[in-house]
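Me: I would like to go through this structure by question and answer, keeping to what can be computed from the atoms.

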Amino acid sequence: MSPHSPAPHSDPRDDNGLVDAINRGDIEAFNALYYRYRDWVVNLAHRLTNDREIALDTLQETFAYVHSKFPGFELRAKFTTFLYPVVKHLAIAKRKKASRHQSLDDTAPDIPDHSSSTDPDSQREQLAQALTSLSKDHREVILLRFVDGFKVDEIASVLKIPSGTVKSRLHHALNQLRNDPVTKKYFNR
Amino acid sequence: MTPQTNPNPDQDLEQLLAELDAQSLSADLAKLTQSHIFAPPHVDTHILATAADHLQTIQRPASSATSTDAHPIFSWKFSAAISAAAAAAITILVLLSPFSNNISPQIPVANIQPLPEDINEDGSVDILDAFTLARQIRNSTQSLTADLNNDGSVDNADVELITQRAVSLSGGGA
């Protein structure tokens, strides 16, 4: 069996169309919404915890929370801006619970551990180190902006901080990356 | 350009973004943070069955909803363990039963398109469908079409999917 179960079908409706349909009890619309965002949720939860079991538990609880919002759910922004705080809260709570006896940074997004990787591309490890050198707040806005594709106002929304703070963090993070020997190559345009 | 000396932080950020090859950075960060963790089919099944159970209460008039609609959310691991055990038990039963070939199929209800999981076409998805599919797999005398997990073969994983759905839905109905 393939380790990755593909979406059984793609639904032409946009997220708002699916949400409207789910509010009317359309189960197929929920299935389409689930398959549209399943991998994003798992990937984010794993990024936050580096733990497969927690990522899958978070996937389950995230979509349990999503379906509990129906009927009556209104999508006022991108669905990922709704999902991000939910996934972050659930994933970090689970990681804290699983690591009660360890001292962990409970808010920093993690990046995959490449220390034991046999990946011959050492650039990945160097990029991971450059990211790790950023503070947790700066790293988070970099990942939200350049991995998840959020705009400044969307980052402000999901982190519940002012847009000016997001810009400041982005500025400091990018400046640090520009001065890092590994990541300065991205700034030569 | 030295951002530290510029009095306008917005302009600093814009200049940094203008210098940045955002596409390359995004691509490399995406590769770096890609988890390669995929949800197994039984996790999908469990989550979607739980959601379907809830959403069916939207479709029904409020007066017909029962207390069983608000069942607790069990972990996919718990559900997967139950379904795996049930699927194994069904397979063993089918293999051992001398009477399994004598089980008559249910008469399909006219004008109702059965669900793919409704193997015996009796209008509901329940443990008997898993039993029937396990028997069909064992006999292998017919071309089987119930590739429910779309993995290219009809096997015990499909039996497990039906079992999962049967134990996840309250009342066992589809």
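Me: What average pLDDT does chain A have?
Reply: This is a predicted model, so confidence comes first. In chain A, 84% of the residues score at least 70. The chain average is a pLDDT of 86.

Me: Over which residues of chain A does pLDDT stay under 50?
Reply: The model still has 14 contacts beyond four places in sequence for this stretch.

Me: What share of the contacts in chain A with a separation of 6 or more comes from residues 24 or more positions apart?
Reply: Chain A has 189 residues, and buried residues make up 51% of them. For contacts with a separation of 6 or more, the share from residues 24 or more positions apart is 60%.

Me: How much area do chain A and chain B bury between them?
Reply: In terms of contacts, 52 residues of chain A meet 50 residues of chain B. The size of an interface is often given as the accessible area lost when the parts come together. Of the area buried here, 67% is on carbon and sulfur atoms. The total for chain A and chain B is about 4,900 Å².

Me: Which residue of chain B forms a salt bridge with R178(A)?
Reply: The rule finds three salt bridges across the interface of chain A and chain B. Elements of chain A that give two or more residues to the side touching chain B include α1 (15-23), α2 (27-49) and α8 (163-179). In the salt bridge of R178(A), the closest N and O atoms are 3.2 Å apart. The partner of R178(A) is E19(B).

Me: Is I90(B) buried or exposed?
Reply: I90(B) lies in helix α4 (residues 76-96) of chain B. Its relative accessible area is 7%, and the cut-off for buried is under 20%. I90(B) is therefore buried.

Me: How far apart in space are I90(B) and I127(B), C-alpha to C-alpha?
Reply: Not counting residues up to four places away in sequence, I90(B) touches I127(B), A130(B), F131(B), A134(B) and T163(B). I90(B) and I127(B) are 37 residues apart in sequence. Their C-alpha to C-alpha distance is 8.8 Å.

Terms used
Residues are numbered from 1 along each chain as its sequence is written. Chains are lettered from A and ligands numbered from 1 in the order in which they are written. This is a predicted model: local features need pLDDT of at least 70, side-chain atom pairs count only at pLDDT 80 or more; totals for chains, interfaces and linings use all residues. Side-chain values use heavy atoms; hydrogens and water are left out. pLDDT is the predictor's confidence in each residue, from 0 to 100. Contact means heavy atoms within 4.5 Å. Buried means under 20% relative accessible area, exposed over 50%, partly exposed in between (1.4 Å probe, protein chains only). Buried area is the accessible area (1.4 Å probe) that two parts lose on being put together, summed over both. A salt bridge is a side-chain nitrogen of Lys or Arg within 4 Å of a carboxyl oxygen of Asp or Glu. Helices (H or I, at least four residues) and strands (E, at least two) are DSSP runs, numbered from the N terminus.
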